[in-house]
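Q: I am new to this structure and would like to go through it step by step. Could we look at it together?

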Amino acid sequence: MTLRLGDTAPDFSQDSTEGKIDFYDFVGDSWAVLFSHPKDFTPVCTTELGYVGKLKPEFDKRNVKVLGLSVDPLSDHTQWVGDIEETQGHQFNFPLLADADRKVSDLYDMIHPNANDTLTVRSVFIIDPAKKVRLIITYPASTGRNFDEILRVIDSLQLTDGYKVATPVNWKDGDDVIIVPALSDEDAKERFPKGWVAHKPYLRVTPQPNK
Ligand code: BEZ
């Protein structure tokens, strides 16, 4: 199954390091980040999972549940979690799905056979509280992801859902934003009382409205 932005994220039940996860129940009214790892006991994945553990308070602040996945059995996960805590210096504080039967990997198209027919690629899905897929990115197994970027996208999505703005290149929380071109100057005056700078009629820059 190919998932695209705006699609409904498929529900599933699968074992994890924190017991059985019923995905929709797990997410509840929160946002979610679901991300896959090629294999247990691999170095890049070990660093990624340690870093996500470190960022967990940042995800919590944004009302985001994090859920990892690897296509190995729970017994391996349990042992690996010990290694991750030992080497990365953080408690393992979120669930890791044990997807040995590839139920979730297949559902979310995380195995790309022409790259590798047994391991997952490094997929990331951001899913909103309505269970819509809002971001999909795919990294190769050899490249660790930048989870600060995932947080940055969540900040952008949560902001742009609430205001008629879009975020420019390399934007980070607190930077100026762009008024969506569909909004007339007349309507913009009401919504953006701090005003804006119009570099072009379609490029109107305004301070971040919720700051
Ligand atoms: C790693 O996580 O280190 C890794 C996994 C699969 C292939 C290459 C690297």
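Q: How many bridges join β8 to strand β9, and in which direction do the two run?
A: In this predicted model, β8 and strand β9 (residues 177-179) are joined by 2 bridges, and the two strands run antiparallel.

Q: Which residue is the bridge partner of Val165 in β9?
A: Val165 has Ile179 as its bridge partner in β9.

Q: And what is the order of the strands in that open sheet?
A: The open sheet has 4 strands in the order β8-β9-β11-β10, and the pairing is antiparallel. At its edges stand β8 (165-166) and β10 (197-200); each has a single partner strand, so one side of each is left without a neighbour in the sheet.

Q: What holds strands of a sheet together in general?
A: Strands of a sheet pair through backbone hydrogen bonds, and the pairing is either parallel or antiparallel.

Q: Then how do β3 and β4 run, parallel or antiparallel?
A: Strand β3 (residues 31-37) and β4 run parallel, with 7 bridges joining them. One of the pairs can be named: Leu34 has Leu67 as its bridge partner in β4.

Q: How many residues of β4 are buried?
A: In strand β4 (residues 64-70), 6 of the 7 residues are buried, so the strand is mostly covered.

Q: Let me step back to the whole chain. How many helices and strands are there?
A: The chain has 6 helices and 11 strands. Of its 211 residues, 42% count as buried. Along the principal axes, the C-alpha atoms fill a box of roughly 60 × 35 × 30 Å.

Q: Which domains does the domain assignment give?
A: The assignment gives domain 1 (7-145) and domain 2 (163-206). Taken over C-alpha atoms, the centres of domain 1 and domain 2 are 35 Å apart.

Q: What about Gly162, where is that found?
A: Gly162 is found in helix α5 (residues 147-162). With a relative accessible area of 53%, Gly162 is exposed, because exposed means over 50%. Between the C-alpha atoms of Gly162 and Glu186 there are 19 Å, and these two residues are 24 residues apart along the chain.

Q: On to the ligand. Which residues are around the ligand?
A: The residues around the ligand are Pro38, Thr42, Pro43, Val44, Cys45, Arg122 and Ala141. By type, this shell divides into 5 nonpolar residues, 1 polar and 1 charged. Helix α2 (residues 43-61) supplies the largest share of the shell, with 3 residues.

Q: How much of the ligand does the protein bury?
A: The ligand exposes 260 Å² when taken alone, and the protein buries 76% of that.

Q: What does the side chain of Ser16 reach?
A: The side chain of Ser16 reaches the backbone oxygen of Gly19 at 2.7 Å.

Q: Which of the terms buried, partly exposed or exposed applies to each?
A: Asp109 has 32% relative accessibility and therefore counts as partly exposed. Lys131 is at 11%, so this residue counts as buried.

Key: Residues numbered from 1 in each chain as written. Predicted model: local features only at pLDDT ≥ 70, side-chain atom pairs only at ≥ 80, totals over all residues. Heavy atoms only, no water. Near = heavy atom within 4 Å. Areas by Shrake-Rupley, 256 points an atom, 1.4 Å probe, with all protein chains shown as cover. Nonpolar A, V, L, I, M, F, W, Y, C, P; charged D, E, K, R; others polar. Domains from an automatic or database assignment. Buried < 20%, exposed > 50% of the residue type's maximum accessible area, 1.4 Å probe, protein only. Pairing = 2+ DSSP bridges. Polar contact = N/O pair within 3.5 Å; in protein donor to acceptor, adjacent residues only side chain to side chain.
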